[in-house]
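Trainee: I would like to learn how to read helix packing, backbone exceptions and aromatic pairs from a set of coordinates. Please take me through an example.

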Amino acid sequence: MNTLIVLGHPRTDSLCGGLARAYRDGALEAGVDAELLALADLEFDPDVRTRSPTDQHLEDDLVDAQDRIRWADHLVFVYPNWWGTMPALLKGFFDRVFTPGFAFAEYEEGAGAGHEELLDDKTAELIVTMDMPPWVYRWIYRRPGTNAVKRATLGYAGVRTTRTTPFGPVEESTPDEREAWLEEATRLGRSLADGPESRTGRFRRTATAWLGALRLQFYPMAWIAYTIGALAATGSNGVFSDRAYWLGFCFLFALEAATVLTNEYVDYETDRENTFAGPFTGGSRVLVDGEIGFDDFRRGIGVTLLLTAVFGLTAVITGNGATLSTAAVAGTLGILALGYTVPPLKLAYRTLGELDVAVTHSLGVLLFGFVLLGGMWHDPLPWLLCLPFLLSILPSITLAGVPDYRADRAAGKRTLAVRFGIGGAVKVAQGATLLAAATAVLWRLLEVVPGAYGSAIYLSVPHALVLVWLLHARVGDRETPGRIDGLMIASLTYLGWFGIVPLVGLY
């Protein structure tokens with residue numbers, strides 16, 4: 001591993017200089033190739049004097065610095081915390097060296113959102129001295145300088161910061177304390193023998209990646225529909241103390257996890273081409289970004305499928321409903337959920353994906369909860385309850401295809417946006433939005449499902465009208481894909497009227 005230690009203090013004989021040299025000595029002891037770059041020894045203008053940093057002549061020392069950064073696998077920045085952030089020397093170095101084309105690249109208009117990270121093959125760590133207790137800097141001042149370097153500078157270029165080590169307060173420190181800090185810096189350098197981050201850091205990063213892959217933000221929708229079905233079957237909130245209810249919940253959680261992971265795996269090519277991915281579209285990108293390997297991902301899919309089978313079988317056996325009916329509903333739900341992208345169904349590739357998601361996350365889970373807790377599958381109650389919910393899901397899942405439009409089309413995925421164009425997808429979303437509110441209000445007026453829809457459901461009407469207007473104003477005339485995070489939030493919150501209102505009414 002190649003390690004470049006950047007000393008950002010304007011005096012090389014400072015405490016920071018000693019820490020940088022101690023770190024280098026420890027890294028060399030660990031068998032790591034380590035070099036020290038003292039910015040005070042470089043000759044360069046720290047100010048950007050042209051419209052773009054790329055228009056300004058790059059001094060020989062900065063050209064060499066860029067070459068050394070390219071060479072490095074791990075970057076270590078050692079600097080003092082002055083006025084809450086880095087010294088002017090280090091800031092000027094970042095301004096002149098982390099230029100477009102070297103640290104990052106902007107996408108051409110219409111080609112993607114944000115920017116491309118050009119240094120995403122590197123890790124970094126920060127060693128920062130300060131004249132205040134580190135806990136004050138962290139909890140009172142909220143680490144402004146550290147966050148700026150870690151997130152706004154290194155993070156923007158794709159460099160992942162694995163560790164931050166503060167030393168302070170320096171002003172009141174004793175010789176013994178400084179000697180201990182130097183020994184700690186040497187130990188940090190030696191730790192590179194096991195990689196650029198600690199075991200705890202690796203575990204935290206792996207856990208974060210798996211949580212991201214699971215996309216937990218989508219699970220409440222299925223839980224709400226399932227609980228509505230369970231409450232409708234029993235007419236009592238006693239379902240929450242029923243073992244069958246929780247086994248069914250575990251089955252649905254595992255099935256949702258298996259579905260999300262298989263979608264991510266099958267849609268790899270689509271996600272790789274998608275430059276407009278957001279929190280609700282484009283997948284979690286853990287495979288695309290290499291945060292989880294393909295072998296580990298396949299094992300994760302296997303584990304979730306096994307848990308789905310175990311919890312599903314246990315729930316069917318211990319449930320209060322007819323075993324055959326419960327098993328049939330659970331099996332059909334599992335096939336449809338996984339069939340969104342998994343062969344041979346691959347419903348998302350046949351313009352049936354949006355309908356599949358709407359059905360599984362409304363009728364599918366609601367009917368499962370209903371029959372598991374003793375209801376009959378042919379009872380009209382769950383079918384009537386699910387209709388407004390089903391319709392309200394269609395806008396968000398249809399809109400999810402807008403940012404993914406170009407990538408989906410290239411991968412042969414026939415979403416509604418691909419088949420009918422972005423304008424056609426918007427019309428489908430608008431129609432479903434209005435139908436959901438109209439159906440729920442009608443159910444309320446006719447008391448089709450007694451007690452399920454309270455007067456709060458009328459508030460879905462203005463929400464529907466605003467959403468329809470937003471769809472027209474923000475996406476209606478769009479011919480090219482782009483991020484629509486705000487619209488996705490507006491459409492996802494719209495679901496609440498048709499999930500939370502009946503949930504509260506039946507509870």
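Mentor: This is a predicted model, and we will go through a few of its features in turn.

Trainee: How do the axes of α16 and α17 lie relative to each other?

Mentor: Two packed helices are characterised by how far apart their axes are and by the angle between them. Here the axes of helix α16 (residues 416-446) and helix α17 (residues 460-475) come within 9 Å and cross at roughly 175°. Angles over 145 degrees count as roughly antiparallel, so α16 is roughly antiparallel to α17.

Trainee: Which residues in α16 and α17 meet?

Mentor: In a helix with 3.6 residues a turn, positions three or four apart point the same way. On the α16 side the contact includes Ile422, Val426, Ala429, Thr433 and Ala437. Among their partners in α17 are Val461, Ala464, Leu465, Val468, Leu471 and Val475. The residues of this contact divide into 13 nonpolar, 4 polar and no charged.

Trainee: What does α16 span between its end C-alpha atoms, and where is its kink centred?

Mentor: A straight helix of 31 residues would span 45 Å, but α16 spans only 33 Å. The kink in α16 is about 100° and is centred on Ile422, a residue that also takes part in the contact with α17.

Trainee: Which residues do the cis peptide bonds join?

Mentor: One joins Gly168 and Pro169, with omega about 0°; Pro169 belongs to the loop between β7 and α6. Another joins Pro343 and Pro344, with omega about 5°, and Pro344 is in the loop between α12 (323-338) and α13 (353-372).

Trainee: What does Met132 touch?

Mentor: Beyond residues up to four places away in sequence, Met132 touches Tyr137, Tyr141, Gly168 and Pro169. Met132 itself is in the loop between β6 (123-129) and α4 (134-139). Its C-alpha is 9.1 Å from that of Phe167, although Met132 and Phe167 are 35 residues apart in sequence.

Trainee: How many aromatic pairs are there, and what kind is the pair of Phe167 and Trp181?

Mentor: With ring centres within 6.5 Å as the criterion, the count comes to 20 aromatic pairs. Phe167 and Trp181 form a tilted one, 5.8 Å centre to centre with 40° between the planes. Phe167 lies in strand β7 (residues 160-167) and Trp181 in helix α6 (residues 175-190), so this pair ties together parts that are 14 residues apart in sequence.

Terms used
Residues numbered from 1 in each chain as written. Predicted model: local features only at pLDDT ≥ 70, side-chain atom pairs only at ≥ 80, totals over all residues. Heavy atoms only, no water. Axes fitted to C-alpha atoms, helices over the stretch in contact; angles between N-to-C directions. Helix = DSSP H or I, 4+ residues; strand = E, 2+ residues; numbered from the N terminus. Parallel < 35°, antiparallel > 145°, perpendicular 65-115°, else oblique. Contact = heavy atoms within 4.5 Å. Nonpolar A, V, L, I, M, F, W, Y, C, P; charged D, E, K, R; others polar. Expected span 1.5 Å × (residues − 1). Bend = angle between axes of the 7 residues up to and from the residue. Phe/Tyr/Trp six-rings, centres within 6.5 Å; stacked < 30°, edge-to-face > 60°.
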